[in-house]
Amino acid sequence: MEACVKRAEASHVLTPEEITALLGAPEVEECLAAAADRVRHAFVGDGVHLRGLIEFSNICRQNCMYCGLRRENGKVERYRLDADTIVELAHKAKGYGYQTVVLQSGEDLYFTAERLAAIVRRLKELDLAVTLSVGERSYEEYALWRTAGADRYLLRIETTDEAVYERWDPGMDYANRVRCLRDLRALGYEVGTGTLVGLPGQSLASIAEDILFYQQLDADMVGIGPLIPNPDTPLGTAVPGDFHLTRRMVSLLRLLLPEANIPATTAMET
Ligand code: SF4
């Protein structure tokens with residue numbers, strides 16, 4: 001196993017079987033983390049980049065079984081910020097020294113393509129990099145936001161196991177999710193995606209496939225977090241995602257995608 005880690009550190013290549021074996025090997029976790037730390041230091045340096053996150057709406061048309069914002073959760077208090085408030089917050093973020101703002105929301109169709117494009121244009125006037133994270137839309141909508149000045153887009157695939165994806169994201173189509181990521185790539189966005197570790201039915205082999213998918217997509221950012229069951233969702237009593245498995249996945253990601261941005265996620269912190 002340790003020879004495998006050494007090889008990955010030098011070549012950034014592993015087979016699906018090797019990744020699966022390392023994911024399932026707690027005894028190599030520290031060795032993996034140390035190798036990943038060296039690769040991080042060599043390829044992306046020691047700086048930590050801060051992003052100003054503006055969660056501008058928690059209204060969502062989707063019904064993902066693990067998410068507190070799912071449309072059938074009547075216990076969450078819903079809100080939506082107006083355009084002026086969003087711009088004012090971005091202004092504040094700029095004043096604090098942030099160079100990037102991330103506009104994140106549930107899939108809230110009140111924000112039509114044109115409405116959101118108008119907000120992006122106003123943020124670009126502040127000379128900020130703009131990341132959008134608003135879910136699945138058409139190629140034309142992504143194109144409009146790109147021409148309005150949006151630089152990056154976050155859309156987690158959650159799992160590349162199609163059956164697991166469609167079971168826990170009912171009404172959503174795995175092929176459409178992949179289509180969105182490919183459209184974003186084709187439009188020249190910097191693309192962020194990621195995995196939810198611990199979805200019931202997810203295997204180590206499928207997590208290995210996630211990593212290879214990110215390599216193939218040439219993802220610019222990959223965010224990984226363990227499942228934290230929310231009591232107001234159908235997965236409220238599920239077994240939580242494994243912190244150490246998630247940590248091994250983060251290390252393997254760094255070895256195989258040496259230049260990617262890998263954020264410290266709030267789920268890991270929690
Ligand atoms: S689309 Fe996103 S915000 Fe909406 S329910 Fe699914 S995970 Fe939650």
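Is Tyr153 buried or exposed? I will come to that after the overall picture. What we have here is a predicted model.

The protein chain has 11 helices and 6 strands. Its C-alpha trace spans about 55 × 40 × 30 Å along the principal axes. For 270 residues, a compact globule would have a radius of gyration near 18 Å, and the protein chain has 19 Å, which agrees. Of those 270 residues, 49% are buried. Taking contacts with a separation of 6 or more, 73% are between residues 24 or more positions apart. The accessible surface is about 12700 Å², and carbon and sulfur atoms account for 53% of it.

Now the aromatic residues. The whole structure contains 7 aromatic pairs. One of them is Tyr153 with Tyr189: the ring centres are 5.8 Å apart and the planes stand at 80°, so this pair is edge-to-face. The two residues are 36 apart and link distant parts of the chain. Tyr153 sits in strand β4, residues 152-154, while Tyr189 is in the loop between α8 (174-186) and β5 (190-197).

Back to the opening question. Tyr153 is buried, because its relative accessible area is 0%. Tyr189, at 1% relative accessibility, counts as buried too. Both belong to a cluster in which ring pairs link Tyr142, Trp145, Tyr153 and Tyr189.

Last, the ligand. Which residues surround the ligand? They are Cys60, Gln62, Cys64, Cys67, Arg70 and Gly106. By class, this shell divides into 3 nonpolar residues, 2 polar and 1 charged.

Methods: Residues are numbered from 1 along each chain as its sequence is written. This is a predicted model: local features need pLDDT of at least 70, side-chain atom pairs count only at pLDDT 80 or more; totals for chains, interfaces and linings use all residues. Side-chain values use heavy atoms; hydrogens and water are left out. A residue is near a molecule or strand if one of its heavy atoms lies within 4 Å of it. Ala, Val, Leu, Ile, Met, Phe, Trp, Tyr, Cys and Pro count as nonpolar, Asp, Glu, Lys and Arg as charged, and the others, Gly among them, as polar. Helices (H or I, at least four residues) and strands (E, at least two) are DSSP runs, numbered from the N terminus. The radius of gyration is taken over C-alpha atoms; the globule rule is 2.2 Å times the number of residues to the power 0.38. Buried means under 20% relative accessible area, exposed over 50%, partly exposed in between (1.4 Å probe, protein chains only). Contact means heavy atoms within 4.5 Å. Accessible areas come from the Shrake-Rupley method with a 1.4 Å probe; for residues, only the protein chains shown count as cover. Rings of Phe, Tyr and Trp (its six-membered ring) pair if their centres lie within 6.5 Å; planes under 30 degrees apart count as stacked, over 60 as edge-to-face and the rest as tilted.
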